[in-house]
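Student: Could you take me through one part of this model closely? I would like to look at the place where the two chains meet.

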Protein chains: 2
Amino acid sequence: MTAANVHAEATSAGPVRVDLVFEPGARRVRVPHGVTMFDAASWNGIAIDSTCGGHGTCKKCKVKVLDGPAPPSPLDIRAFTPEELRGGWRLACRALATADTTVEIPPLVTRPKAATVGVGRQVILRPAVQKRYLELAEPSLRDQATDAERVLAAIDDMELRVDLPVLRTLGRVLRAADYKVTAVIVDDALIAVEPGDTSGRRFGIAFDLGTTTVVATLLDLSTGTPVAVDSVLNAQQPFGADVITRISATMLDPANLDRLSALAQQTLAELAATVCERGGVDPAEVYEVALAGNATMTHLVLGIDPEPLGVAPFIMSTRLYPEVLAADLGVGVHPRARAVVFPAFGAYVGGDITAGLLASGMDRDSRTRLFVDIGTNCEIVLGNAEWLLATAAPAGPAFEGAAIRCGMRAADGAIEVVSMTPDTLDLKVIGDAAPAGLCGSGLVDAVTGLVRLGLLDSSGRLVPAERAAQLAPGLAARLTRIGEERVFVLHGDPADPAHSVYLSQRDIRELQFAKAAIATGWHILLEEAGLAAGDVQQVLLAGSFGSYLSPANAIRIGLVPKLPVLRVVSAGNVAGEGAKMALLSLRERAAGLALLEEVRYVELSDRADFNDRFVDQLAFPG
Amino acid sequence: MTAANVHAEATSAGPVRVDLVFEPGARRVRVPHGVTMFDAASWNGIAIDSTCGGHGTCKKCKVKVLDGPAPPSPLDIRAFTPEELRGGWRLACRALATADTTVEIPPLVTRPKAATVGVGRQVILRPAVQKRYLELAEPSLRDQATDAERVLAAIDDMELRVDLPVLRTLGRVLRAADYKVTAVIVDDALIAVEPGDTSGRRFGIAFDLGTTTVVATLLDLSTGTPVAVDSVLNAQQPFGADVITRISATMLDPANLDRLSALAQQTLAELAATVCERGGVDPAEVYEVALAGNATMTHLVLGIDPEPLGVAPFIMSTRLYPEVLAADLGVGVHPRARAVVFPAFGAYVGGDITAGLLASGMDRDSRTRLFVDIGTNCEIVLGNAEWLLATAAPAGPAFEGAAIRCGMRAADGAIEVVSMTPDTLDLKVIGDAAPAGLCGSGLVDAVTGLVRLGLLDSSGRLVPAERAAQLAPGLAARLTRIGEERVFVLHGDPADPAHSVYLSQRDIRELQFAKAAIATGWHILLEEAGLAAGDVQQVLLAGSFGSYLSPANAIRIGLVPKLPVLRVVSAGNVAGEGAKMALLSLRERAAGLALLEEVRYVELSDRADFNDRFVDQLAFPG
């Protein structure tokens, strides 16, 4: 399938699906037409033996087709006897799901290890990074196999390509180590041959490259366990808080592309060094990294000109990234370590969302769920195992604390929780600090509290002072003015509001605009799907902001559909979780890629009805 | 097939073969079991439509299986209707030759261009380097395909991967060029997108990297025409004349590996610059290079430690090379130009021989032929389209002029032809210079002349002076002594032989050793094949030395089998021709690779009977 086909399919009514039943156990799964039986099983947590990971080389993924079409592949003809072929035996990695089919899976030879990651996802460990300890026979005049052949012959269940730098020193390594070596494999590449037995040590780093914050998790790939985690601010910050200011910087001065690229790479490199040090891992033992970031961050870190992302019609350079090395991201781990870069749906539904969806398992869940990642740009995905719709809503910077008078990022001193009664006001502040400003969740809390008490009417206007005094006698004094503008003082002296931490009428408008954009987005998706808000069985609030937001308040201001509060859950840093899954499982990685074909993108910016709908959503629900 | 299988097969009795008949025309070909119909046809000069070159993406190589097994591949099921499938229609690039089969090829939609290269080989032009001029639609909110998808969708007959550096600037290039661009493709990689229409300009450079001499040919890949040729001495010369001295240098001082690698790369880079300048070609218009060299030269130019090649049991790092760039060879052409590096059969039957065999077409010719590349190491291949046997004979440096008292390389001043009668001696000297020494062909001529006149007996001893005066009165005076050793003066004063150009008794012994080693090699191959010398239908003398050698004299001293002289032909620089073929045709390139599976290597150094046989071959034939 060419990229053009992917695009055509992604924007059509969605792919055709078929039903597969796996025996024993009659486990029924519904999968896109044309995927392999092997992938279909793996994506649904059903294990099939394999050491090559579905590359068609180990010939271990034998299954028996009990009912349904099963043309033998050329590989089947080599792998099975004519009798076995007639009996329905096929290699699962080559058999395509083209119609409803029943398949029997023989008992597993090896019990696979698993780890829990993402939104409660149980992932069978099958990392791209493999190690094999080998004790090889010495060559002789009777056995002149090349050094590379000698190593590859001992790994005969895989068909590997060998990196040139491995060949440069292979002869010396083999002879110095007395032909006792460990082969380091990433996917289908032999990236290193190490002296002795190092098979117990293999690590990866999952990066969540955010516009603001960058998180790195060092993973032990043998066990799936996180060894160390760290997060820092993206060093690109001086170029602006959001993606648009950073794209603009490259348009003003082309040299800024190199600068921004270097700063992103420097951020990743510093994090990698930190997590390796904390985890007691030699950076040379890190053989793969995974990166989830929005389209702009991903373009910038790879040195790809982001200009077309920043202006209509918002065009990415690419949806899928070519094979890159960790070194291409500036990360100083093993020099031939690979990098998995998450693909993007669109300029404003990036690789972080692909990773987040993978972690959420939305594409494999029969429940209809709504995924909302709230930020300057808000990404929204609606759907279930049958179909998925995605869009991006321009929420603006309110939730990041920008464009809010006393706004700030969720750092020390930020008010993150605001609780109000008619007589009292309680604040919870991040860190051991005096309140210095208001972060996104505090903003939502404050507005929700004011709406609940009636101090803010449903149109978003602060009520007159007399009305406030009636409704909330203990808080009315906080309602004052700075110049012409009405404000509500959260911390400090209401008599000197300019030196207090306050919420202004304009701040409230900013929040209304932001939530209206988001609500318009999911309303349009619901309409496209022919569903009502009540049909949504679960809302996943994603991203670091989502973790802080109170589900009850999100419902109250209309940021998410009006549902029982238990149906709204904070999913945490799903982008980072998706990146971890890609490191732990080749199948999950493939599933992430497959999402590009399964999700239909709905563009909002060219809809004639967008503004009318937006205005409809400005009010706070009654 | 893994490398281990290749090795096992290469050292077994040889692969199984099947017969294919192509209609119309009932063209019968015999090919290795398991190759595709597409390759089988192409290798035999039978054209089948294709734009992707057999990658399974263009779906144009439709053929109809008239008789024989034809399980449909998964791709067939997508490419054909059930009715067509029942009718026997298959994609030739996916149909495997597993038994005798008759196949119908529909009339060609496009008539392929061809060029004559190699040993009279007609090669259908299908270079890996392709250019496509594209006029693309501008993106809009209704058409948000990425820049990469936009380009790839316009090349929908191929499934391409995109180099990261192309993505870095793609957005800018497309917009600056008003979406009128030329895509540059090498094999399955999009390596560049150039503004405007540059489709008429695509070039490649074929390198023959010899231990002594390095040759570069700049080829116009659109026409197959050589644009410029140049040759220079290998800049590694100061490290020694032969491969063993250069390997030894890396063993004495590991830093010498980097030095030798840099010198080889510098040699290639200088040649590339020269041929581009002479041909009026911008180096950035060279998108692919091909390199044929012996195993040591190939290891060194790629920076691979050659030590195991130099000591028993003579182990290569690898037979096949990974994908490399021209930049990995130090060649400053297009920065993402690919390099094709010819694979080697063994430590002493290198990529130069693979290329030479490709150029000779031995693997596709029903005649039994003997290929002899004469040098310090002499490579010998015997066989036909059914089977091929190869070996390497340690001839020593006699033919390079080294170890010969007055020996020299075939440069200005070298005596290259010696003609004798009992009374006269005529010399032909290279260049406009006085005779300064004797090169390989002159050495063979001189020895042959002396044998023919009887001045040298069949055991290789110069006859006594009295006998010489009877047999060749005009030459007897030239037979004199330097110290204890008898010499024959070729040029200068016989009274002062130490200052003349002469041939010594020990020089004659060196030549005897060299020719005995070679003759032992082909005798053993003939015996392995169960053939007699008279069964050889043609002898191909390869390499630059082979071009200078007189076939009649090669027969007379027993360097090649005693055959009618017209059956011994000089094939010229076949390694360079093979490199050109690899640039001009993807199918020929694949055929070169397939040779590794078709040739069985016979190791001489562990044969108990080698020394006895060698002694048998020392004498000159009566």
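Tutor: Start with pLDDT, the predictor's confidence in each residue, from 0 to 100. This is a predicted model, where local features need pLDDT of at least 70 and side-chain atom pairs count only at pLDDT 80 or more, while totals for chains, interfaces and linings use all residues. Residues are numbered from 1 along each chain as its sequence is written, chains are lettered from A in the order in which they are written, and side-chain values use heavy atoms, without hydrogens and water. Chain A has a mean pLDDT of 90, and 96% of its residues reach 70 or more. The complex gets an ipTM of 0.83 and a pTM of 0.84 from the predictor.

Now the meeting place. Contact means heavy atoms within 4.5 Å. Chain B brings 56 residues to the contact, and chain A brings 56 residues. About 4800 Å² is buried between them, with 59% from carbon and sulfur atoms. Buried area is the accessible area (1.4 Å probe) that two parts lose on being put together, summed over both. On the chain B side, B:Leu141, B:Gln144 and B:Arg168 lose the most area to chain A, together 12% of what that side buries.

Next, the charges. Four salt bridges link chain B and chain A. Each is a side-chain nitrogen of Lys or Arg within 4 Å of a carboxyl oxygen of Asp or Glu. One of them pairs B:Asp305 with A:Arg172, whose closest N and O atoms are 3.0 Å apart.
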